[in-house]
Structures are given as C-alpha cells and as structure tokens.
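Reader: I would like to learn how to read the interfaces in this model. Can we take them one feature at a time?

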Amino acid sequence: MLEKRFKLEIVTPGRVMYEDEVESVRAPGVQGSFEVLIEHIPFLALLETGEVSLRKSDTRRFIATSGGVLEVLRTGVTLLLEAAEWAEDIDVDRAEQARARARQRLSERPPNLDVERAEAALKRASNRLRIAGQR
Amino acid sequence: MPTLREIRRRITSVENIQQVTNAMYMVAAAKFRKAQANILAARPYAEKLDALLGHLVSQLNNPTHPLLDVREPQRLCIVSIGADRGLCGTFNSNVIRETSQRIAQYEEQGIDVTLFCVGRRVRDFFAKRQYNIDREYVGFFRELSFQHALDMTQELSAVYADKQVDRVEVVHNNFKSAITQTVVVSQLLPIIPRAPVGDALFLDYLYEPQQNEIFESLLELHLNRQMWTLLLDSDAAEQAARMTAMDNASKNAGELIDELIRQRNRARQTVITTEILEIVSGAAALEG
C-alpha cells in the first residue's frame, strides 16, 4: 500500500522552493535532527545550519540550509529557511573557496575579527560541502 | 539667427541624446520587471512568517525582548535608503530632503542622530556636507541579495540591543505603482508588536526549544524579512522612477527636435529666397 503523504512547503525569502506531498521530512533542529511523519501534532521548531531531507516514494532529496523555522499544522508542514540550496545545485568550488576563506580568517585572527560570524561562515561552508557530497 | 549648418548639427546632437535616454529607458524597464518579480517572489515567505508570528504571539502573554523594548528616544538612528545611481528624477532628492529635515528637527530637540546611508548617491550627498555617517552600504543594488538585508539588520539590532540608539527609523521610497513612488518613514526598531492572530481552530504548538527562545529567533527572522522587503521595494521604486524620468527626457528631446526641424526649414527657405532674389535682380540688371 502507498504510504500516506502530507503537504510540505519549503519557502525562502527569494522563492517557494518546494511544494508537494511527501512521506516524511527530516530537519536539523537546534536540539538535534528530527523527522516529521504524517499526523504529527502542531509543532514549532527552530532549525540550525544543517541538512533538510525529504522523502517521496523512496527517493530522498537533500537541502543545505543555514537555519530557519519549521511549523507543523494540521494542514501540513511549512519550512521557512533564510538560505537553502538543493544538494544538486550547490557550487562545490564556491563552497570550497568560502571554507578556505573562513579557515584562513580564523587562523590569522585579524584584530577586528567577528569570531562568531567567521565560525558560522565556516560551519555553513562545511555543511554545504558535506551535503553536496551526497547527491 | 543660427546658420543652417549650426541647426543641423544641433539636430544630430539632440537625436543622439534621445537615443541614449531611450536606451536607458529600456534598461530601466527590464530592471523594473525583474524588481517587480523579486517583490512577488518574496511575498510567500513574508506572509507565512507573519502568520506564524501571529500564531505564536497569540499563545504568549506579555512577550518581552530587547528588540521590543520601547525607550524614550535620546539617540536615534536614521537609515536613509536611496540609489547608487542618479538620473532617476526626484527619487534620491526626496529621500535626501526628508532625511536632512528629520535630522535637523531631531537635533533641535536635542536628540542625537546616528546616520546609516544606503546607496552611493545618498552617501555622497551627506559625506560632502560633513554629516556624521556611521555606516554606509554602497553598490549592492546591482546584485541585491537577502544577505545584504541580513548584514544590515545584524548591525542595527546589535546597536539597538546595546542601547546605543533608542529607535531606528528608515527613510525610503515606497513602491506604489510604476507611476507613483512616495517617500515614507517606517519605524524598524523597536519592533511594533503584531496583533495576535487568533483563529479558533488553532491549537497550541509543541515547542522545541522553549517558546520564548523561538520567539526571539522569530523576531530576528521578522526583522530580516522586513529589511528585505524595504530593499526590494526601494529597488523597484528606483527603476520605476528612472523609467519615468527617461521617458520624459526622450519625449522632451522629441519636442526639441521638432522645433529644430522647423527652424532648419525656415533657415533653408530663407537661403533659397535670397538666392532667387539675387538671380532675379542680377537678370533685371542685365536687361536694363
């Protein structure tokens, strides 16, 4: 029998990235990654930098995100992500450059360095590279 | 009376100008369509985020947050959003006028003003007049991205939470339609709390992490998206203003050319008349 599906919407400031019926969605909550299946109770979770994956008829697709929020309502699941990219769309060269740049900044430690920001940049770049590897 | 050759030369030069303004009109039109598409594309995110925040606020009693904190304004931050380029009618001058009026007004009341400039034109104006510019964001309208909005709000909320300023106002052009753009002032910080959206069917969520932690992060997301909307709006307004300005310039050039052509014809007619007169009078002299 076909697995039951629910409506999933992934929206970024620039576009509606995904809108379809899926069987499950996994998201990087700030307290750990979790998976949402059908008939989940209303739920609101913060997401951090990491991997969102969704499953539909045994195919999984992956998204690299820098965080956002996930909302489960009776009518479906909505993800609002400030930045998100499909694994297959990630520009590996650019991500690698970004990682190298962030690493360099962190090792050189210029006096006005915003350490938190540089670390976040490094984390994002590494995340994108890791997810790009899964496509 | 200019000579025939001078008039011809002027016609050519005005025609060249018309070609240029026409081309600029086309470019602005293309950019305008893109800017409009960007506004439309940003709408679903904004609506969903607002709805979500509305739900959450309806579940909170008395939300508190540094960014909601209303203080008596003693130091104020004005963010003045204009364009990087000129030739767009009154787009920049309206923003500049409103901004400088506000600064003068606040300073009269003894309120310190911190100035953030967005757009090269605005920055240049205030830099030239020795205003204190605390931050400037220049040259990003060419490739506007959400990251720019993020960078700005990060600095603004840091300054606000740090109590360096007590209010943040944004002076910007509001995009109403392709024909009208008006300068408006919006308060960015403190965030004006939204009315809770109570819908009877809505049941409370499960939260992860705590409710208030989520609320804090959502306020940041909200601020980012507000700034993003402002930037997109201003960008569309700029292109619309440039379209109108260039369209007017092309029309004026057309009128000027018509007038010059009339002058040219008259001058040519005069030349011909004089020549005929000379021939006729020459012949008359020979006969006599």
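Reader: Which side chains meet in a salt bridge with B:D151?

Author: A salt bridge is judged by distance, with a cut-off of 4 Å. This is a predicted model. Here the side chain of A:R117 meets that of B:D151, at 3.2 Å from N to O. The rule finds two salt bridges across the interface of chain B and chain A.

Reader: Which elements of chain B give two or more residues to the side that touches chain A?

Author: Assign the residues of one side to their helices and strands. On chain B, these elements are helix 1 (4-59), helix 4 (146-161), strand 6 (206-208) and helix 5 (211-287). Helix 1 of chain B gives the most, with nine residues. By class, that side of chain B has 19 nonpolar, four polar and five charged residues.

Reader: How many residues are in contact, and what area is buried between the chains?

Author: Take the two values together. In contact are 28 residues of chain B and 27 residues of chain A. The buried area is about 2300 Å², and carbon and sulfur atoms give 68% of it. Polar contacts are counted too: the rule finds 10 residue pairs, both residues at pLDDT 80 or more.

Reader: In which sense, parallel or antiparallel, do strand 5 of chain A and strand 6 of chain B pair?

Author: Look at the strand directions and the bridges. Strand 5 (residues 43-47) of chain A pairs with strand 6 of chain B in the parallel sense, over three bridges. A:A45 stands opposite B:E208.

Reader: Now within chain A. Where are the domains?

Author: Start with the bounds, then the centres. Domain 1 covers 6-87 and domain 2 covers 90-132 of chain A. Their centres, taken over C-alpha atoms, are 24 Å apart.

Reader: What area do domain 1 and domain 2 of chain A bury between them?

Author: About 770 Å², with 56% of it on carbon and sulfur atoms. In domain 1, A:T49, A:E85 and A:A87 lose the most area to domain 2, together 52% of what that side buries. The contact involves 12 residues of domain 1 and nine of domain 2.

Reader: Which polar features link the two domains of chain A, and how many are there?

Author: The count is two salt bridges. In a salt bridge, the side chains of A:R130 and A:E51 meet at 3.8 Å, N to O. On the domain 1 side, strand 6 (50-56), strand 7 (59-65) and strand 10 (84-86) of chain A each supply at least two residues. Strand 7 of chain A gives the most, with four.

Terms used:
Residues numbered from 1 in each chain as written. Chains lettered and ligands numbered in written order. Predicted model: local features only at pLDDT ≥ 70, side-chain atom pairs only at ≥ 80, totals over all residues. Heavy atoms only, no water. Contact = heavy atoms within 4.5 Å. Buried area = accessible area lost by both parts, 1.4 Å probe. Polar contact = N/O pair within 3.5 Å; in protein donor to acceptor, adjacent residues only side chain to side chain. Nonpolar A, V, L, I, M, F, W, Y, C, P; charged D, E, K, R; others polar. Pairing = 2+ DSSP bridges. Domains from an automatic or database assignment.
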